[in-house]
Amino acid sequence: MSVPALVVKDLTKVYNNGFKALKGINLSVQQGDFFALLGPNGAGKSTTLGILSGLVQKTSGTAEVMGFDVNTEAFSARRYLGVVPQEFNFNQFEKVYDILITQAGYFGLTHSQVKDEAEKLLKELDLWEHRNKQSRMLSGGMKRRLMIARALIHKPKVLILDEPTAGVDIEIRRSMWEFMQELNNQGTTIILTTHYLEEAEQLCRNIAIIDEGEIIKSTSVRNLLTQLNTEVFILDLNTTLPDNVSLEGFDYKRIAEDGLEITVNRGQSINHIFAMLTEQNIEVRSMRTKSNRLEELFVALVKGYK
Amino acid sequence: MSMLRIQWVAFNTIFQKEVRRFMRIWMQTLLPPAITMTLYFVVFGQLIGKRVGEMDGVDYMSFIVPGLIMMSVITSAYSNVSSSFFSNKFQHSVEELMVAPVHPLTMLFGYVAGGMARGIGVGIIVTLVSLYFTSLQIHNIWVVILVVVLAATVFSLGGFVNGLLATKFDDVSIVPTFFIAPLTYLGGVFYSISLLPEFWQKVSLLNPILHLVNTFRYGVLGISDINIMVALSMLVVFVVLLTLWSLWLLNKGTGLRK
């Protein structure tokens, strides 16, 4: 069996002001995984990623990337790691292309070795035509994509992304999701933190929820979602909803002339709803979930923990 | 890829980035010392120097040229590293280095080499400017080269420590303004310490910049107020001490890691 991409054991971090950011967390991420670390602000997500990438000093515990300890074998661990931090952290006066080439140089790769990769990444991330601009001239979305390109220039096996799509518009966010999914399909292990729970639900296979410096849940997204006891659907209808509509066994309410909100409990079948509606000559145009499922669960878990 | 190869490429990358930086902003880095030193040569060398006459057996203009060249070298080397490194810290772009497999020694040498390049480059510019005002006859070229390289190294290392410890932009200007500038002006750039009362001569000997200036002056003119071997040894000791201090701070993560 291959070595895990990431193993964290009893990791703690106490900042100089006495704040306990991590209280002994344990995590394991297998190679090829798409893993999300979720938690409210100040939960310890960025501190965890900071320790992994060498930007934050741990207080105790261990962390390994591809089997190399991030402290005692830091140089080996870092060769496998690409880091996209939360805040923009490139030199504002350096040109886009130079930022990539400089980062490659820090990993021992010369310009001639990475120029094709730099061109490929910049083209894939729609930055090629901006390559000669100073980074400060880029829009927020472009800066986010530049940080991803920079983190990938040395072809890391593990990519850490700390809220990679924060502040970017929906279109760019979707294209970044596609890019990350493609990257993961090619074998790169991806670990991300995000505030967009939809992002975690769409992209990630496994998930850990962290709060107040402790992991309160670590499982697969699928397992987590099965813990939902109810789910609320919105049905848009092609016909006006009659006053005497009947959906026996389901909680439902009329939300418009042609709209219905139905709560489906675990074990109930949606097919049953459609069958009853069809019997009453009510045609469904479309169906959607009322809110993000993971978000509901996340709120419930964090509330329950507190 | 071997770790040594990675460190070599990383060193070159840092060095080239630093050179690219000070060349890009040459109006702030290379031009001002040339203008300032031209003014020194005109005002102190030509206008006032004519009335001063000779100092230690040479005309005043020739006497002040080595000191002014050395002053340019040390201030440029120091400020290049301190401001560049602090600016990288301030913008967090230093994190690009910290997440990479770059050894602290590579990081240190890369920035110091950048500072030395600017210090020596400015020294050459000021020397060329001085040739318009006086003719320079080099007494010992090896002493000249050795002292310039050592001085640029010591002050680049000093700038690096300053950049590491600085938490705000004010901290970067404190050392040059309150320590380097006074020590330089009192370091025998414009006068021989033989002009001072005996007590102040002894006090002056505690000033490391006096030793630097006089060693360089010895290389150029063959005259010195001090023993140049002591000065060169002192520079080597400073290089070693500042290197160890920088490495200790880097390994501790001072100013870099939370």
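Select the contact between the two chains to begin: 30 residues come from chain A and 31 residues from chain B. Keep in mind that this is a predicted model.

**The interface as a whole**

Show both sides of that contact together. Chain A and chain B bury about 2,800 Å² between them. Carbon and sulfur atoms carry 54% of this buried area. Next, pick out A:L55, A:F75 and A:Y106. These three residues supply 27% of the area that chain A buries against chain B.

**Bridges and polar pairs**

Now look for charged partners across the interface of chain A and chain B. The rule finds three salt bridges there. For one salt bridge, select B:E96 and A:R150. Their closest N and O atoms are 2.7 Å apart.

Then widen the search to polar contacts. Across the interface of chain A and chain B the rule finds 14 residue pairs of this kind, with both residues at pLDDT 80 or more.

**The chain A side**

Color helix 2 (74-79) and helix 3 (96-106) of chain A. Each supplies at least two residues of the side of chain A that touches chain B. Which helix of chain A gives the most to this side? Helix 3 does, with six residues.

The residues of chain A that touch chain B divide into 12 nonpolar, 12 polar and six charged.

**Chain A on its own**

The C-alpha atoms of chain A fill a box of roughly 75 × 45 × 40 Å along the principal axes. Switch to a cartoon view: chain A has 10 helices and 14 strands.

How much of chain A counts as buried? Of its 306 residues, 52% do.

Take the contacts with a separation of 6 or more: residues 24 or more positions apart account for 68% of them.

**Last stop: B:D171**

Bring chain B back and select B:D171. This residue sits in helix 8 (residues 169-185) of chain B. Is B:D171 buried or exposed? B:D171 counts as buried, because its relative accessibility is 16% and the cut-off for buried is under 20%.

Finally, show the neighbors of B:D171. Leaving aside residues up to four places away in sequence, B:D171 touches B:N162 and B:A166.

Methods:
Residues numbered from 1 in each chain as written. Chains lettered and ligands numbered in written order. Predicted model: local features only at pLDDT ≥ 70, side-chain atom pairs only at ≥ 80, totals over all residues. Heavy atoms only, no water. Contact = heavy atoms within 4.5 Å. Buried area = accessible area lost by both parts, 1.4 Å probe. Salt bridge = Lys/Arg side-chain N within 4 Å of Asp/Glu carboxyl O. Polar contact = N/O pair within 3.5 Å; in protein donor to acceptor, adjacent residues only side chain to side chain. Helix = DSSP H or I, 4+ residues; strand = E, 2+ residues; numbered from the N terminus. Nonpolar A, V, L, I, M, F, W, Y, C, P; charged D, E, K, R; others polar. Buried < 20%, exposed > 50% of the residue type's maximum accessible area, 1.4 Å probe, protein only.
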